[in-house]
Amino acid sequence: MSRREAVHRDRKLVWHWSRHLRPHPEFTSLGLGFSKSDIGRITSLGALTIGLASLLAGFIVKSVGRKTMLVTGMLLAFMSLVLFGFGTSIGTITAAQLIWSLGITAIVNSEIQLIFQYCRSKKEETSAYSLLFAVFTLFTGFGTWLGGYLPDWLPGQTTLYQFAFFVAGGCLALSGILRGLLLPSTHARGSNAPQTEVSGVQPAKSSERPKRGHVMYFLLLLSLLIFNSGFTFGMLSPFLNVILKFRFQMDDGNISGLLALSGFFFFIGSIVMPYVVERWGSRKTFVFLFLYNMFVVALMALAMPASVFAILLLIRGTGLTMLNNLMDSECMSAVAEEDRNLFAVMRTVSRSIGNTFASYWAGYILAGNHYSLPFILTGIAILAGYVVYTWFVQGMLDRRLQGQS
């Protein structure tokens, strides 16, 4: 695996947590004459910043509030993109990367908790999270398509991608301002009347709240499940274009088209998930999705025509999206309101560690031309996640969810 591919992989890891799109900064850096080692150091610094800043984010969001944290993060991301657009020195680009990382840290440690805070029931939480991800996925495809043409339509002065950065930054600034103006300042779920008509379960009394040690044990188990989710993502998703190109000798146009189409299947999975949970229940849906994803990934390790692999890739995207969305929404729903900021930090760090570890491992595997092994390891990881869920998490998760209104 070349250093260029490694840099591209690490950038994808940062994007996975951002929930927002921006142009490739490494393309800008190369255009400015920076070496690949410079780009690698900047990228690594950004990932390290997100990890370290996440450790403090829980304390900060408790002080300033989730809405303020979210809006601040989006405006920091806007500032970083403007700086990327104007930057011509390695110092400026490094500063832009640091600001971007701080902005992303603020977003991922406040966004989901704030959405859940506005919800009045567990059913609303599941639907809101799925709708958020569905809209994000849909516009990711549109933004990816538009980003391919913007450098041709609006070539920049510092680099070809200057105005693409400005357009992306403008979208983030507008989003941040609208959130600041339109979102209610306070709408804590705890202030709402219990939604027994929706859930059929009375909320747990404060005297029934588990001891702190039990709470931390529960959060650590959920973090282990999230770590597994990050590992399964990092083992395959950042390298699908490499696998398609070298395992099946697909040309770049077909690869781009297939990956763009897979985004539509992500969208379908996000939309369908709440209805499946409502019909089957959380436990049956979890079990089905674990087994479904494990079976599909195992099939993808076998020798087959490119057309069959492409079909499996699409249906895998739907199943993986449903499983990850269900895991994120159900885990956050099961955590008490006062513990959600802490869990958001633990979730971010756990997923990032699993993601990074798997990606580095997969890079070495693919460098040896072992294109089936990542699928086998992903299937084993999904099986391990299923074991963790059924043996350790399932019962505790069910009891916690029953205590939520």
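**Exercise 1.** Is glutamate 124 buried, partly exposed or exposed?

*Solution.* Welcome! This is a predicted model, where local features need pLDDT of at least 70, side-chain atom pairs count only at pLDDT 80 or more, and totals for chains, interfaces and linings use all residues. Residues are numbered from 1 along each chain as its sequence is written, and side-chain values use heavy atoms, with hydrogens and water left out.

Start with the classes: buried means under 20% relative accessible area, exposed over 50%, and partly exposed in between (1.4 Å probe, protein chains only). Glutamate 124 has 27% relative accessibility, so it counts as partly exposed.

**Exercise 2.** Which helices does the salt bridge of arginine 351 and aspartate 328 tie together?

*Solution.* First, the closest N and O atoms of arginine 351 and aspartate 328 are 2.8 Å apart. Next, arginine 351 lies in helix α15 and aspartate 328 in helix α14 (residues 306-334), so the pair ties together parts 23 residues apart in sequence. Helices here are DSSP runs (H or I, at least four residues), numbered from the N terminus. Finally, check burial: arginine 351 is buried at 5%, and aspartate 328 is buried at 6%.

Methods: A salt bridge is a side-chain nitrogen of Lys or Arg within 4 Å of a carboxyl oxygen of Asp or Glu. Helices (H or I, at least four residues) and strands (E, at least two) are DSSP runs, numbered from the N terminus.
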